[in-house]
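Please read the following account alongside the sequence and the three-dimensional view.

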Amino acid sequence: MKPRILLTNDDGITSAGLWAAYEALSPVAEVIIAAPSTQQSAVGRSISIFEPIRASPVVMNGVRAYSIGGKPTDSVIIGLYALDLRPDLVVSGINIGENLSFESIMTSGTVGAALEASNQGTKGIAFSLQVEDQGDKFDDPRHHSQSFDEAKRIVREICMKVLREGFPEHADVINVNIPSIVKGGYEVTRLARKLFETGVEKRLDPRGRPYYWINGPLLEDAEEGTDVHAIRKGNISITPITLDCTAFDADKELQSLFCP
Ligand code: MN
């Protein structure tokens, strides 16, 4: 019996990255796509609770799939609880653009979907491909100039290894980032603190009132051992992620402040 994979993403069901993941995994697994109908990058793990969610069966590239009128997280919840897909693994991606550092993974819809899956009892792996030009993240995800050939090999290799040998016990999600040009091999990393030099650009609307764009260049590098550094070297970054964000080391200090 082939393992069953629920495949989703945040760039939307038309994204070349999603279909690259499908092509990588469909020879070795039963892959069912439930992905957002539209571009949902940077929505993190947000969830639709004020709107109904439609799950429309569609045929794309000759494949039956579910186009979900919602967020990446909604797609996972619908896949698990409405479509009753019972996957062995949830795969999110391949995202067009890297998802590195805890600054980014907390806003990433790609990682958000994998976190949701794991919180609901099915482990998730998020895959993201570094873009050479940051502008590529904002282009039509149906047409992406970079090749997914190397990324497809990596997606298949990692998923098959995890499905065969088991998901690491102490990780809830595995966050994989693939450099645009792979120069090295796999590197198990920790999250860097930041990926961007955050800033805002102020502009004026036609009536002279200001509005803002969040924007900022990528940071050049981060410390040895981080996901950012691994990608800068051309390695494939594999970061284990946990759902429990409790700061256990702050326990005593808070106890003495509030429960002396
Ligand atoms: Mn995205």
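Ala-42 lies in the loop between strand S2 (30-36) and strand S3 (55-60); helices (H or I, at least four residues) and strands (E, at least two) are DSSP runs, numbered from the N terminus. The model is a predicted one, in which local features need pLDDT of at least 70 and side-chain atom pairs count only at pLDDT 80 or more, while totals for chains, interfaces and linings use all residues. Residues are numbered from 1 along each chain as its sequence is written, and side-chain values use heavy atoms, with hydrogens and water left out.

Most residues other than glycine have a negative phi, and most peptide bonds are trans. Ala-42, although not a glycine, has a positive phi of about 70°. Because its relative accessibility is 57%, Ala-42 counts as exposed; the term exposed applies over 50%, buried means under 20% relative accessible area, and partly exposed lies in between (1.4 Å probe, protein chains only). Asn-61, found in the loop between S3 and strand S4 (63-68), is a residue other than glycine with a positive phi near 50°. At 60% relative accessibility, Asn-61 counts as exposed. A further backbone feature is the cis peptide bond that joins Gly-93 and Ile-94, with omega about 0°. Ile-94 lies in strand S5.

The metal site comes next. The manganese ion is coordinated by Asp-10 (OD), Asp-11 (OD), Ser-41 (OG) and Asn-95 (OD1), at 2.1 to 2.2 Å. Donors are N, O and S atoms within 2.8 Å of the metal (3.2 Å for Na, K and Ca); water is not among the atoms, so sites may look incomplete. Along the sequence, the donor residues of the manganese ion follow the spacing D-D-x29-S-x53-N. Distant parts of the chain are linked here: Asp-10 is in the loop between strand S1 (4-8) and helix H1 (16-25), whereas Asn-95 is in strand S5 (residues 89-96), 85 residues apart. Both Asp-10 and Asn-95 are buried.

Phe-102 lies in helix H3 (residues 101-105). Its relative accessibility is 33%, and Phe-102 therefore counts as partly exposed. Leaving aside neighbours within four places in sequence, Phe-102 is in contact (heavy atoms within 4.5 Å) with Leu-191, Ala-192 and Arg-193.

Two packed helices are described by the angle between their axes and the distance between the axes. The axes of helix H2 (residues 72-82) and helix H4 (residues 109-119) come within 8 Å and cross at roughly 30°. That angle makes H2 roughly parallel to H4; angles under 35 degrees count as roughly parallel, over 145 as roughly antiparallel, 65 to 115 as roughly perpendicular and the rest as oblique. Axes are lines fitted to C-alpha atoms, for helices over the stretch in contact, and angles run from 0 to 180 degrees between N-to-C directions. In this pair, Pro-72, Thr-73, Val-76 and Ile-77 of H2 meet Gly-109, Gly-112, Ala-113, Glu-116 and Ala-117 of H4. The residues of this contact comprise five nonpolar, three polar and one charged; Ala, Val, Leu, Ile, Met, Phe, Trp, Tyr, Cys and Pro count as nonpolar, Asp, Glu, Lys and Arg as charged, and the others, Gly among them, as polar.
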